[in-house]
Each structure stands twice: as C-alpha cells, then as structure tokens.
Amino acid sequence: MRLQNGKPDVLRTHTCGDVRAADAGREVTLCGWVHTRRDHGDLTFIDLRDRYGITQVVATAKERAEAHAALKDVRAEWVIRVRGTVRARPEGTRNPKLPTGDVELVATSVEVLNPSKTPPFYVNEETPVDETLRWKYRYVDLRRERSRELMRLRHEVVDFIRRYFIDREFWEIETTNLIRGDPTGARDFVVPSRHYPGKFWALPQSPQQLKQILMYGGIDKYFQMARAYRDEDPRSDRVTEHTQLDVEMAFVEREDVMALIEDLYTRIIERFSTKPLMRKPWPRLTFAEAMRRFGSDKPDLRFGMELVDLGGAFPKTAFAVVRDALAKGGTVRAIVVPGKADASRKEIDGWTEVAKGRGAKGLLSFAMAGSEVRSPVAKFLSAEELSAIRSASGARDGDLVLAVADVERVAADAVGRLRQHLGETLGLVDGSKHSAVLIHEFPLVEHTPDGGWTFSHNPFSGPLTPDELRWLDSEPERARSSQYDFALDGRETAGGSIRIYQRSMQERVFKQMGITKEEAAQRFGAILDALDYGAPPTGGFAGGIERICMTLAGTENIRELQAFPKTQTGYDLLLDAPAAITQAELDELGLRVVGKPEQR
RNA sequence: GGUCCCGUGGUGCAGCGGCCUAGCAUACGUCCCUGUCAAGGACGAGAUCGCCGGUUCGAAUCCGGUCGGGACCGCCA
C-alpha cells in the first residue's frame, strides 16, 4: 500500500504501480490517466497510468453494467478515479510485462475527474515527436515514459549529489540571482530596476564571486544547485539557462579538488550508468599533452587515432601550403585513418568542411596505396617527402593520412575536431565504456583576436604556482593556471580552479588583461576589498547538471533534461515568452522601447 | 549575423513537375465482439502539402522570400 504520513491519500488508496497479488480481494481506489482502452463489447479493459505504473482495470456489462458503461466511454488521457476490487487474473491472462500484471482491478465505480481532448501526440507510444509540439504541450510530453524517466534520473542524480556533499559537511547555500552585471564574457541577461531607473540587475552566469565571498566569510565548504544564465545562442549541449553543481572550499589545494571531482563523478557514474569507466584512477593529461595528442582540451579516450606531427617530413619543401605554415612557426598535424585509403572524393570533401569549420584553410589527404602515396597535392611534393609522410605518420598500406598545415593552435584544433568526427561517424568509439579524464595545467591567459590578453578560464583563477607569474612579462602564454577540467566521453562536464586570494596577485593579473586599477575597483570591488580582510585560499569547481545527465542517459539533446526547455532562439513555446509588458510597467521602470514596433 | 536540414489529415512517415481525385500506419467517429494487454473486425470522417510570391500549359514537387523547429559556425570570461 502506498502510504503518505502513514495514511492513504484522500482520493486514492494506492497508486497504479503498487497493486500486487497479495492485495487480491482488497477494495482499492486508484486515480490516473487512461493509457489505453481495449473494448471487447460486453467486456472492457483499460490501462490506468500514473507516475508509479500501470494497472489494468476491467468491467463487464453482466456483472457491473454501470462501471462497464463508464469504462466504454472514457478515452485516452482522461483523468479518472476508479474504485474496485483487486483480483488475481485468471490463469493464462497474466501480463509479465507489467509489475502489476498478475492482478487487475474489477471496477465497481468509475468517476471522470476530467475528460481530455484527443492529445496532440501519443503518450502511450515512444514514437518521435517534433520538438515544437513537445515543448508547447510539455505537460502531455512529461507523461511519456522517456520524459518521465529523464526527469527521474535528474532528480536522483541531484539527490545523490546533495547527500554526497551534506555527508561531507558541505553547506548548501543559495546565492542571489540578481547581481551586478559584467560586460566581459557572455552576454548577460538583464533585469530593470524599479527603485533605480536606468540601472539594471544581471542574472548570474555563475555564482563565481559569491561563492568565493562565502569562503571569505568562513563557510569553509559550500555547494549549491545554481541556476546560471547566458544570453548566447544555444547548441545541442548548451542552453541559455542551465543548472550547475557549484562547489567551493577553503584551505584547499588543486589536488584536493581534483580528488573530490574524481571521487564524486566516479560514484555518480557507477551508480547511474550501466557502462563502466575505462580506467580507475582516471588518467590525467596536461592541457599541452591533450592538445598535442588529441587536438582537444576535452579528449574522448574511447578510441585511439592520436594526432601525429608531420612538420619534420618537409624540411625544405617547395609546397607553398606547408612552407608558409612552417615559416610562421606553424606545423603540420595529422591523423591516420585506418583502412580509408579508398575514401571517396565526397567523403574527403565532407571532412575538409569539418576541418574548415575549425579554422583550417584546407585539408591535405594522402592515401597509402601499395608502395604509392596518392594525393591531390602529390605533384607539389617530392618522392622523399611523400615517403616521409608515410614513415612519420606510421600509416600502413590502405590507410589514409589527413593533415592540416597551420599554426599549432589551429592545426591541432582542426585535426582534433576531425578526429572526434571520424571516431563517431566511422564507429571507432567504444560505446561500451566511459572515458573520464582530468585535464590540467591550462594556460593562464590567452590572446584575444585584437592582440590583447584575456583570461583563459575566469579572472580569479590562480596560477599553478606563484612562480608562473614571471612569464607574464615575457611570454604570457607560457604561464600555467591552476585550472582543471573534467571531460567525460569528450564532453566538458566540470571545471574549476584554485582562486587568487592575494590582492597584489589579483591586480597583477588584471593588469595583464589591460584592466586599470580604477576599472578593476569598479567591476570587482567587492572581491578586491574582501581580499584585504582576511581571505583564505579557496578553490572549487562547477559541473553541469544537464551535461552529466545527458551522458548518463545517452542523449545528445540537453533540452530533454530540462522540465521546461526553450527553443534555439530562446523562446518558451509553453508560456509564449518573452512577452511585451504594459506601458505602465515600462513607465514605472523608466524604460522606453525603441526600434521595431512590437512583433505581435 | 551566417551555413545547412526539416515543415504533407491529430501524430509519424511516403510521394519530389502531369500517373495525386495526395498514399501508408496510427489516432479519431460509428457499429460488431466476454480475456485483452500496441486487442481484433467492418464502415466512415479528416489535409487546398507552414505562409507569400514567381517559373510553367500544369507545382506538394522547381526558384525567391518569409515564418517556425532543429544541427552547425560566429558567440559561449
């Protein structure tokens, strides 16, 4: 019996998932949705569904004319309340597919709580449905088994995480969602202020500053399921509004946090995934090694096909593409695609587009055909060079070598993307295991397109060691950061760093970014001030809740993990939002809408 | 801001210049049926092919635009 505070609900005594053979003879009342109806004339069945399961309800005209008539009238998705007697099903009519399949409810009375229009799509079948309809009628969609199980997964993962941290004496603390905006990085979602016309709140892109300040307040260990907002265009694995597990700890070093990430996510995966981890303990790669071997800072280790460097195969080449790349300090990065020497022109064109999508100017291909090395650019290369390509790449007969000549960063990135693409499309990825890897020793700063410098992670990430800062004066890109990232199956799943906690160091880093003292005081005043009042060393991480659930559920669609997802243009099809507000509201906020008249 | 894919009865798909008077499955409606569980059987209703314009003797089909959804690039400290 399903009990709540020791008593049945007022409207029902059981749920549709918990009537069993032991209940035979008992009088029960169930509430739920009509899942399916099977009408045999004077004998009618319906399957009654709620979140907990499905129970078959039966009535015959002969025994219970009134209940039978009512059952004949109901339709899919009507909400009904049925009273009746649990009966063991006759021999040979049991349904092993249902947990409740040994029994049925013989209806004595049927009450229609609410009829339903014919639903816009099937609840009782797992057929694909256009997302426009799913999100518009999310309340119908959520009744479907897949949607319900994804919501259940997310709930259970969040519950697991909460217990994990509470057991370890972390405090769950909510930070405010109306904060000061900062024009760097992603576009802020902005909220007008009534008391301060012309001024605006911003929704947090993460509670980064607030969680550090909690540490400065002596909270010591904190976590939160934090909403994070970015007004940027979504992709299949990122959305404008998402939830992150946000964690911060005082008096920790890099190793403490990396060990925590590894322990937590290992437990999550072992609890919720049917697939084992490839390796325990997890492999760790420095950023430099990850880029060199995989061309990615979130490499998928479920397949090999590591990058090779062919820069040495062309010591004095006449081939302009390679010569120019090498002349500006670049290189030639390549992968060996096993057995694809016979790839069609069309396939190679497709791969070229993948590489170009990551900034490559083109894609070089070399097919190992017997003793020959065939290539569209063979005529620009000497026999020695072609042979060097074969030996330097380690390619065997029948293999295809794909290469990009460019500066290191572009070449590695393009070939890395191509590697992942080929791994997935050629079926090289071993989908029976999970690849968990920690990436660390990221660069502290990186070039901006306009020649300046910017944070490679966030403004508060500290250097790997204080000593790293010496590079800032000469070769800033050599300065390493304390940042660490967790990549699961090639997807960035969590990341964090040890924070700067000394004002002088924070100001030194700001200076590198071209942020003046005045500007820093204005934008990051609270943090900088706090550093003057006894700020301990802190570190932490943030992990995407939807991201980890995606991997656990094996879906590529992040919206399925959200109860009320938005479209690719950030529109809410269910609520029809965003929407215009009244002139009175605008006046009160001191706002005037300019530009295009209202669209609707 | 850009590139690509999709848009056909309620839903999922097919059709891709004339064989379309738009096909199939399912849902929906009426009827038959006492052991089904994706029940079965019979009959029936339901779409001017997202929208606008163009090409053509003729457009669901080709072209342009537009709207909506999706994938990707830009963007995402």
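This is a predicted model: local features need pLDDT of at least 70, side-chain atom pairs count only at pLDDT 80 or more; totals for chains, interfaces and linings use all residues.

Is Met 305 buried or exposed, and what is its relative accessibility?

Author: Met 305 lies in the loop between helix 7, residues 287-294, and strand 12, residues 308-309. Its relative accessibility is 14%, and Met 305 therefore counts as buried, the cut-off being under 20%. The backbone at Met 305 also deserves attention: phi is near 50°, a positive value in a residue other than glycine.

Glu 77, which is not a glycine, has a positive phi of about 75°. Glu 77 is found in the loop between helix 1, residues 65-73, and strand 4, residues 79-88. With a relative accessibility of 3%, Glu 77 counts as buried. Glu 169 takes a positive phi of about 70°, and its position is just after helix 4.

The buried residues of helix 4 include Leu 150, Leu 153, Val 157, Val 158, Ile 161, Tyr 164 and Phe 165. Ser 147, Arg 148 and Arg 154 of helix 4 are buried as well. An α-helix has 3.6 residues a turn, so residues three or four places apart point the same way.

The bond from Lys 280 to Pro 281 is cis, with omega near -10°, and Pro 281 is found in the loop between helix 6 and strand 11, residues 284-286. The bond from Ala 577 to Pro 578 is also cis, with omega near 5°. Pro 578 is found in the loop between helix 15 and helix 16, residues 583-589.

Arg 419, in helix 11 (residues 408-425), is buried with a relative accessible area of 1%. Its C-alpha is 10.0 Å from that of Val 354, although Arg 419 and Val 354 are 65 residues apart in sequence. His 14 has its place in the segment before strand 1, residues 27-39, and counts as buried at 1% relative accessibility. The C-alpha atoms of His 14 and Val 28, 14 residues apart along the chain, are separated by 6.7 Å.

The cysteines form a separate topic. A search of the whole structure finds zero disulfides. The sulfur of Cys 16 has its closest cysteine sulfur in Cys 31, at 8.0 Å, which is too far for a bond, since a disulfide requires sulfur atoms within 2.5 Å. Cys 16 is buried, with a relative accessible area of 0%, while Cys 31 counts as buried at 11% relative accessibility.

The search of the whole structure finds one cavity of 30 Å³ or more, and the largest cavity contains about 30 Å³ of space. Its lining consists of Leu 444, Val 445, Phe 455, Ser 456, Asn 458, Pro 459, Ser 461, Val 509 and Met 513. These lining residues divide into six nonpolar, three polar and no charged.

Finally, the whole chain gives the setting for these parts. Chain A has 16 helices and 22 strands. Its C-alpha atoms fill a box of roughly 95 × 70 × 55 Å, taken along the principal axes. Of the 600 residues of chain A, 48% count as buried. Met 305, at 14% relative accessibility, also counts as buried.

How values were computed
Residues are numbered from 1 along each chain as its sequence is written. Chains are lettered from A and ligands numbered from 1 in the order in which they are written. Side-chain values use heavy atoms; hydrogens and water are left out. Buried means under 20% relative accessible area, exposed over 50%, partly exposed in between (1.4 Å probe, protein chains only). On a 1 Å grid over the protein atoms alone, a cavity is a set of points where a 1.4 Å probe fits but cannot get out, and a pocket is an open set with protein on both sides within 12 Å along at least five of seven lines; lining residues have an atom within 4 Å of a point. Grid points are joined across faces, edges and corners, and a volume is the space filled by probe spheres set on the points. Ala, Val, Leu, Ile, Met, Phe, Trp, Tyr, Cys and Pro count as nonpolar, Asp, Glu, Lys and Arg as charged, and the others, Gly among them, as polar. Helices (H or I, at least four residues) and strands (E, at least two) are DSSP runs, numbered from the N terminus.
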